[in-house]
Amino acid sequence: MSQIRTPSLVIIETGVANLASVRSLAERLGLQPIVTSDPEEVVRAPFVLLPGVGAFGPAMHKLRERGLDAAIRSRVAEGRPIAGICLGMQLFFEASEESEGVQGLGLLPGKVKRLSGGLPLPQLGWNRIEPEPGSRLLQAGWVYFANSYGVGIEQNFNEGAADTSKAAFPRFDSISLATTTYGSAFISAIEAWRDDRPVLLLCQFHPELSGSFGKNLFARWLELASERRRA
Amino acid sequence: MSGLAVRIIPCLDFKDGRVVKGVRFENLVDSGDPLERALLYEAQGADELAFLDISATVEGRKTMAKEVARIRKAIAIPITVGGGIASMEDAARLLDSGADRVSVNSAAVREPAIIEAIARRFGVQCAVVAIDAAKSPAMPSGYEVKIAAGAVATGLDAIEWASEAAQRGAGEILLTSIDRDGTNLGYECNLIHLVSRAVPIPVVASGGASKPEHFLEGYRNGALALLAAGIFHRSEVSISEIKQYLSAHNVEVRL
């Protein structure tokens with residue numbers, strides 16, 4: 001077994017993504033980026049990132065083909081931290097209008113929809129995120145978006161827990177959201193906590209392209225999600 | 001309410017690894033080291049960077065990919081790269097090097113299917129179609145598409161071509177007025193207005209801006225992003241000055 005000295009960020013390779021920007025983010029955080037499509041590595045790694053790639057359907061297909069969907073589910077079930085960016089956030093939901101009939105990871109209830117409001121799509125550029133009170137990780141600020149799809153603010157994250165006939169979603173102690181308005185409001189980020197750790201950090205925006213704001217957000221996530229905090 | 005800030009995009013024209021700038025696509029002047037420029041613009045509040053490769057040689061193109069990689073490591077805002085992208089391989093190489101989006105110009109006119117191919121493989125947000133347009137009374141809209149850095153007239157109407165590019169999966173139109181490029185006379189507002197109204201995707205205005213007022217005019221005519229090169233290279237106006245001006249006129253900017 002090789003010993004890795006620099007702490008690493010495992011970036012899930014789905015075969016179609018441009019990973020230079022997320023690699024640069026990892027390096028700015030003092031982490032060694034490791035790009036892999038090995039499910040074992042995805043289960044074990046201290047920190048994992050699912051980047052934004054292409055379209056919902058092809059990305060889910062790639063994840064399933066390599067058993068990465070199961071690896072991500074088992075990580076979340078064990079309460080181990082994982083972040084998702086852009087499409088990487090959307091894949092955590094049950095489905096998307098972008099690829100009807102394709103099942104998502106289903107770790108959060110709801111369906112991703114095409115942004116409404118009559119403005120040009122994709123939404124390209126900088127917009128504000130507004131975290132709801134009680135957010136510990138997310139802060140208000142300008143972030144960079146490149147999306148045509150998103151999750152509407154009407155989504156209720158408790159509906160799965162109440163209805164036992166539905167798919168069982170993983171248990172979180174708390175979920176906090178940030179929202180953004182582009183014609184209409186959508187969920188721009190999610191932090192989900194269990195046992196005092198931010199297990200999920202999901203960003204509809206691109207932290208890797210959001211200047212120091214994105215770097216600082218990930219630095220807070222890494223610190224709060226670190227195993228050492230619990231020791 | 002949109003909420004989205006209008007983007008100010010400095011464009012760096014590259015020739016064999018150096019930043020250059022010309023007037024009406026000619027008379028190139030060396031403006032220095034690209035990394036230095038990129039860092040300066042990021043610090044001034046640039047919302048995105050555009051790189052345009054005007055190298056004519058294979059060697060020059062390889063240099064470009066290396067420069068993109070070097071700058072990608074240093075800055076944390078989006079980078080769009082265009083100029084001479086003729087194939088999926090060209091696009092993939094630049095994206096692998098660290099570009100977030102690629103813009104295709106002449107290749108898209110010659111072989112429009114490249115727009116669909118880029119959008120399918122890398123996502124629509126990645127597929128920028130650059131259109132260089134010049135006034136032409138023979139066209140229905142009064143503007144004709146030119147390719148090969150403005151040297152070749154295509155007989156295509158600029159508005160019709162922009163609509164077709166959007167239908168084929170372009171995520172943005174980078175619209176340059178050849179008549180205004182490098183002239184400091186301001187954007188060709190009528191052209192911006194016509195194209196913005198015709199397509200359901202964002203339009204970037206380019207060519208001729210030299211004063212904060214020009215940026216406001218571009219925005220008011222429908223552009224969601226405003227690009228300039230020479231005035232930033234020569235430090236005639238800073239990005240923050242332009243943003244202050246726009247903000248004072250109730251335009252949403254990232255300050």
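Two residues are taken to be in contact if their C-beta atoms, placed from the backbone, lie within 7 Å. By this criterion, in the predicted model described here, 31 residues of chain A are in contact with 30 residues of chain B. On the side of chain A that touches chain B, at least two residues are supplied by each of α1 (20-28), β7 (123-131), β8 (141-147), β10 (174-182) and α7 (211-225). The greatest contribution to this side comes from β7(A), which gives 6 residues. By residue type, the side of chain A that touches chain B comprises 14 nonpolar, 14 polar and 3 charged residues. For the complex, the predictor reports an ipTM of 0.93 and a pTM of 0.94.

Chain B was examined next as a whole. The average pLDDT of chain B is 92, and 95% of the residues score at least 70. Where pLDDT is low, predicted coordinates should not be read in detail. The secondary structure of chain B consists of 10 helices and 12 strands. Its radius of gyration is 17 Å, close to the 18 Å that the globule rule gives for 255 residues, and chain B is therefore as compact as a globular protein of that length. The C-alpha trace of chain B spans about 40 × 40 × 35 Å along its principal axes. Of the 255 residues of chain B, 53% count as buried. When contacts in chain B between residues at least 6 apart in sequence are considered, 63% of them join residues at least 24 apart.

The buried residues of α1(B) are B:Pro34, B:Ala38, B:Tyr41 and B:Glu42. Viewed down the axis of α1(B), these buried residues fall within an arc of 100°, so they line one face of the helix. On the other side of α1(B), B:Glu36 and B:Ala43 are exposed. Just after this helix, B:Gly45 adopts a positive phi of about 105°.

In chain A, strand β4 (residues 82-85) has a parallel partner in each of two other strands. Strand β3 (residues 48-50) of chain A runs parallel to β4(A) and is joined to it by 3 bridges. Here A:Leu49 stands opposite A:Ala83 of β4(A). Strand β12 (residues 197-203) of chain A also pairs with β4(A) in the parallel sense, over 4 bridges. In this pairing A:Ile85 stands opposite A:Cys203 of β12(A). In a regular strand the side chains alternate between the two faces of the sheet. In β4(A), A:Ile82 and A:Gly84 point one way, whereas A:Ala83 and A:Ile85 point the other way, and all are buried.

Leaving aside neighbours within four places in sequence, A:Glu97 is in contact with A:Lys111, A:Val112, A:Lys113, A:Arg114 and A:Tyr149.

How values were computed
Residues are numbered from 1 along each chain as its sequence is written. Chains are lettered from A and ligands numbered from 1 in the order in which they are written. This is a predicted model: local features need pLDDT of at least 70, side-chain atom pairs count only at pLDDT 80 or more; totals for chains, interfaces and linings use all residues. Ala, Val, Leu, Ile, Met, Phe, Trp, Tyr, Cys and Pro count as nonpolar, Asp, Glu, Lys and Arg as charged, and the others, Gly among them, as polar. A residue is buried if 20 or more other C-beta atoms lie within 10 Å of its own, exposed if 12 or fewer, and partly exposed in between; C-beta atoms are placed from the backbone. The arc is that of the directions from the helix axis to the C-beta atoms. The radius of gyration is taken over C-alpha atoms; the globule rule is 2.2 Å times the number of residues to the power 0.38. Two strands pair if DSSP finds at least two bridges between them. pLDDT is the predictor's confidence in each residue, from 0 to 100.
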